[in-house]
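Here are some notes to read alongside the model, for anyone opening it for the first time. They go from the overall layout down to a few individual residues.

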Amino acid sequence: IENGVLSTDRMDFLINNVLHLCACGKVNLFNKKVNMNLGITSQALRYSYDIKNLSDDYVLKIPIKGSFDNLKIDPSKAIGKILALKALSSQGTIGSFIQSLITTKKDDDIPQAKKPFPWEGKGFNNKDQNQNIFDIFK
């Protein structure tokens with residue numbers, strides 16, 4: 001925190017032991033403004049939408065902006081990208097046609113992941129739904 005602005009590097013988190021997301025950005029604590037990005041990782045896109053052929057470091061960016069009282073998330077760009085990525089991963093003519101129109105460019109303003117993640121380490125098995133992340137400290 002500097003001059004009332006909380007700046008975060010990439011924060012990776014795992015939801016329900018299977019959905020890997022990340023976030024980064026700034027929160028101004030004085031004027032209560034948020035300028036952050038939510039990232040949907042390639043692992044989450046594979047799991048949720050069965051999108052194949054993405055590099056392991058691919059992250060789909062969803063901007064989160066506004067005040068504490070009125071945060072805005074614009075899902076339309078994300079939905080468009082997800083549909084395009086899904087079409088790209090499909091076999092056949094439509095996938096080839098769409099691939100010729102777009103690329104799967106990674107959003108450069110999402111920092112690289114800092115690995116290994118806690119859920120990849122010793123003592124944590126992401127297949128076991130009853131596992132508690134704090135068990136790694138036992």
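1. Start with the layout. Along the sequence, the protein chain runs β-β-β-α-β-β-α-α, which gives 3 helices and 5 strands. Helices here are DSSP runs of H or I with at least four residues, and strands are E runs of at least two, numbered from the N terminus.

2. A word on the source. This is a predicted model, where local features need pLDDT of at least 70, side-chain atom pairs count only at pLDDT 80 or more, and totals for chains, interfaces and linings use all residues. Residues are numbered from 1 along each chain as its sequence is written, and side-chain values use heavy atoms, with hydrogens and water left out.

3. Now the whole chain. Of the 138 residues in the protein chain, 30% are buried (under 20% relative accessible area; exposed is over 50%, partly exposed in between, with a 1.4 Å probe and protein chains only). Among contacts (heavy atoms within 4.5 Å) with a separation of 6 or more, 46% are between residues 24 or more positions apart.

4. Helix 1 is worth a look. It covers residues 42–49, and S42, A44 and L45 are buried in it. Those buried residues line one face of the helix, because they fall within an arc of 155° seen down its axis (taken from the directions from the helix axis to the C-beta atoms). They pack against strand 2, strand 3, strand 4 (59–67) and helix 2 (75–89). Just after helix 1, D50 has a positive phi of about 55°.

5. How many aromatic pairs does a search of the whole structure find? It finds 1: F117 and W119 are stacked, at 4.8 Å centre to centre with 15° between the planes. Rings of Phe, Tyr and Trp (its six-membered ring) pair if their centres lie within 6.5 Å; planes under 30 degrees apart count as stacked, over 60 as edge-to-face and the rest as tilted. F117 counts as buried because its relative accessibility is 6%, and W119 is buried too, at 9%.

6. On helix 2, find K81. K81 is partly exposed, with a relative accessible area of 30%. K81 and K61 are 20 residues apart along the chain, and their C-alpha atoms are separated by 9.6 Å.

7. Last, L29. This residue sits in the loop between strand 2 (19–28) and strand 3 (33–41). L29 counts as partly exposed because its relative accessible area is 41%.
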